[in-house]
Amino acid sequence: QLQLVESGGGLVQPGGSLRLSCAASGFTLDYYHIGWFRQAPGKEREGVSCISSGGGINYADSVKGRFTISRDKAKNTVYLQMNSLKPEDTAVYYCAADRYNYCSGRMNSWGKGTLVTVSS
């Protein structure tokens, strides 16, 4: 059974950093497209960053230059390094995986999310 578990969220001050992890079990992440999405209170879910099975990477304009997505094959984990965090980055962050859909809300497998709160 495919399972994704996010971790690394928490409370951080503006300008701070966090690293989110998305650990997979039941499948090898390398063969899948992986996406990070977020949903803030009262807002729709939005894509943050994605990495394709071939290594292609995309970022939302709002996080370019601040967030970095990476994949650790040995740990079967994808990371989202978030620097220079802003209050508007506050949201529940989800990772998703799919063999075919890339960077889409239609991706097949989703984790339960991890809460990131940016506040002083």
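Two strands count as paired here if DSSP finds at least two bridges between them. Keep that in mind as you click around this predicted model.

**Stop one: histidine 33.** Select histidine 33, which lies in strand S4, residues 33-39. Is histidine 33 buried or exposed? With a relative accessible area of 12%, histidine 33 is under the 20% cut-off, so it counts as buried.

Now bring up what surrounds it. Leaving aside neighbours within four places in sequence, histidine 33 is in contact with a list of residues that includes Ile51, Ser52, Ser53, Tyr100, Tyr102 and Met107. Zoom in on serine 53: its backbone nitrogen lies 3.1 Å from a polar atom of the histidine 33 side chain. Also among the contacts of histidine 33 are Ala96, Ala97 and Asp98, and strand S9, covering residues 91-98, is where we go next.

**Stop two: strand S9.** Colour residues 91-98 and you have S9, a mostly covered strand with seven of its eight residues buried. How many bridges link S4 and S9? There are seven, and the two strands pair in the antiparallel sense.

Select alanine 96, and you'll find tryptophan 110 of S10 standing opposite. You've met alanine 96 already, as one of the contacts of histidine 33.

Conventions
Residues numbered from 1 in each chain as written. Predicted model: local features only at pLDDT ≥ 70, side-chain atom pairs only at ≥ 80, totals over all residues. Heavy atoms only, no water. Helix = DSSP H or I, 4+ residues; strand = E, 2+ residues; numbered from the N terminus. Buried < 20%, exposed > 50% of the residue type's maximum accessible area, 1.4 Å probe, protein only. Polar contact = N/O pair within 3.5 Å; in protein donor to acceptor, adjacent residues only side chain to side chain. Contact = heavy atoms within 4.5 Å.
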